[in-house]
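Here is a short briefing for a reader new to this structure. Look at the sequence and the model, then work through the topics below.

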Amino acid sequence: MRGTVEPASVVGLLLASVTFAYDTASFLRQQPGGASRPVAALADDLARTVEKEWLSESRARGLRDHGVLPLSWMTERTADGPEGAAVTLRLSGRLDGDFDAAVQRMAESFDQLAGRRMVLVGEPGSGKTVLAILLTLGIVKSRPEGGPVPVLLSASSWDPIATPKLDEWVAQAVADTYYGFKREAIDALLAENLVIPVIDGLDEMRESGRRTAVQRTNESIRQGRGVVLTCRAAEYADLIAGGSPTLHQAPVVRVEPVAVEDVIRYLQDVPWPPEVSWDDVYAELRANPQSPVGQMMSTPLMVSLARSVYQRLGGRPADLLKQHVYESRYDVEDYVLDQVIEAAYAEAPAPDETGPRFYRPPDVAKATRWLTYLAVDLHLHGQRDLVWWQLAQRLLSPWVPPVVSVAAGMFLMALVSAGISVLDGDHRVGLVATIAISAGTGAGFSVLFLVVWFASGTPSPRRILVNRHGAFARCRDAFLTGLAAAR
């Protein structure tokens, strides 16, 4: 039998649903390793997670492969001891296929540092990030139980104006990455100096914030905290020229240019198409290492890109030697970079009997157009990292939220009106009351939609983690709250 529709019951049911959904979401999220656990145990848990993450990344980058392009580094400036005396350290090394040995050498070098501070510098594409990964893994593998844990962070995510304290940024970044956005555990670790920030890409920060970041870092490490920075050499020298006495005491390790014979040996091991010959380039590299092509081939990044271009597209590497066209290393780099996208898409497999039924060849022009758009967007917003979840806010017109909210409100109003008409068989709810209820529901939803839209800002991706502790109590509270609202 159809009865009278009570508006309070409808509102109560909606509130109960929202409350139950919120508590269910709380049930599905947890903080791995809460701050109630011993701090040493928290450090060991974080160390295992960091080691697993960067071992996986090192495999993805091919750092463990045989025949990898060698990477060398050496001490550029030693640490300053008491009264300015230099402390002699051996921080040189080489990654030449023996990944574990290189990691161990980096850890041994770092353990020599009393303040556990180091700066890694080099040219763009020289391998600073690779060296930071080696150092992170080395510290993790050599640390004692309950010892400090290195965490590799991208400097481009730090706005030192909005977040002036280094520890505050480190805590939020680590919580977002490893602790489901909850900060209790990482705050406990930072309070005990059990976190060593490895800050990669200081030069990739917005220029207006770099010097402030160095000053904040210098202030933080005065308290005995370890830190590792990576930066381009010229930028770092400029950044610390105006102060930062504590960072002045940290040794500077420079990533060396790739040696000519290492480049030649690396390229000779590649199976090239028949028409590709590097003999002229080899001769030029040996005769004039400081030529434009010699300088271009001095970084692992450009050597790898040149290999990809000529291995997948073929062509004449001797074209890199056109002195009248390429007057500097940057001209040669631009020539190679212009072909990178085409080379990347040229590796797409051709259709065969075992392949997909509907094969669509790669559209290089479309890929180039969209990648160019993303690059320009990052440049306009002063960013180096592609934060994909922020793209929606930039692409949408400011009129989209109000239009969507009004349309959704009108749809809900029509739905509520139709529902009342169907359920109210005795016609006890008059036309005016029906319009008032449906219009109020639609308008309320539109306002709520706009409030949630603008209050949420640009949310970051989140993980769903299961936490059984206290689950029954949370579900019970959600049920009783919803039941009370429904009454």
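Helix α6 is followed by N193, whose phi is positive, near 55 degrees. Helices (H or I, at least four residues) and strands (E, at least two) are DSSP runs, numbered from the N terminus. This is a predicted model, in which local features need pLDDT of at least 70, side-chain atom pairs count only at pLDDT 80 or more, and totals for chains, interfaces and linings use all residues. Residues are numbered from 1 along each chain as its sequence is written, and side-chain values use heavy atoms, with hydrogens and water left out.

**Helix α6 and the residue after it**

- N193 is found in the loop between α6 and β7.
- Its positive phi occurs in a residue other than glycine.
- Most residues other than glycine have a negative phi.
- N193 has a relative accessible area of 32%, so it is partly exposed. Buried means under 20% relative accessible area, exposed means over 50%, and partly exposed lies in between (1.4 Å probe, protein chains only).
- Helix α6 spans residues 184–191, and A185, I186, A188, L189 and L190 are buried there.
- Those buried residues pack against α2 (39–60), α5 (166–178) and β7 (195–200). Contact means heavy atoms within 4.5 Å.

**Aromatic pairs**

- Rings of Phe, Tyr and Trp (its six-membered ring) pair if their centres lie within 6.5 Å; planes under 30 degrees apart count as stacked, over 60 as edge-to-face and the rest as tilted.
- By this rule the count comes to five aromatic pairs.
- One of them joins W278 and Y310 edge-to-face, at 5.4 Å centre to centre with 80 degrees between the planes.
- W278 lies in the loop between α10 (260–268) and α11 (279–287), and Y310 lies in helix α13 (residues 300–313), so the pair ties together parts that are 32 residues apart in sequence.
- Both W278 and Y310 are buried.
- W370 and Y373 form an edge-to-face pair, with 6.0 Å centre to centre and 80 degrees between the planes.
- Ring pairs also link W272, W278 and Y310 into a cluster.

- W370 and Y373 both lie in helix α16 (residues 364–380), three residues apart, about one turn of the helix.
- An α-helix has 3.6 residues a turn, so residues three or four places apart point the same way.
- W370 counts as exposed because its relative accessibility is 53%.
- Y373 counts as partly exposed because its relative accessibility is 35%.
- W370, Y373 and L395 make a nonpolar surface patch of about 350 Å². Patches are made of residues with over 30% relative accessible area and no salt bridge: like charges are joined within 9 Å, nonpolar side chains (Val, Leu, Ile, Met, Phe, Trp, Tyr) within 5 Å. Accessible areas come from the Shrake-Rupley method with a 1.4 Å probe; for residues, only the protein chains shown count as cover.
- L395 belongs to helix α17 (residues 391–395). Its relative accessible area is 54%, so L395 is exposed.
- D377 also lies in helix α16. With a relative accessible area of 8%, D377 is buried.
- Leaving aside its neighbours within four places in sequence, D377 is in contact with L391 and R394.

**Charged side chains**

- Side chains of opposite charge can pair when their charged atoms come close.
- A salt bridge is a side-chain nitrogen of Lys or Arg within 4 Å of a carboxyl oxygen of Asp or Glu.
- How many salt bridges does a search of the whole structure find? It finds 15.
- R48 and D45 meet in a salt bridge through their side chains (2.2 Å, N to O). The two are three residues apart in helix α2, so about one helical turn separates them.
- D45 is partly exposed, at a relative accessible area of 23%.
- R116 and D111 form a salt bridge through their side chains (4.0 Å, N to O). R116 counts as partly exposed at 24% relative accessibility, and D111 counts as partly exposed at 42%.
- In the salt bridge of D319 with R316, the closest N and O atoms are 2.6 Å apart. D319 is buried, with a relative accessible area of 16%.
- Salt bridges that share partners join R94, D262 and R265 into one network.
- The charged end of R329 sits over the ring of Y330, 5.9 Å from its centre. A charge sits over a ring if NZ of Lys or CZ of Arg is within 6 Å of the ring centre and within 35 degrees of the ring normal.
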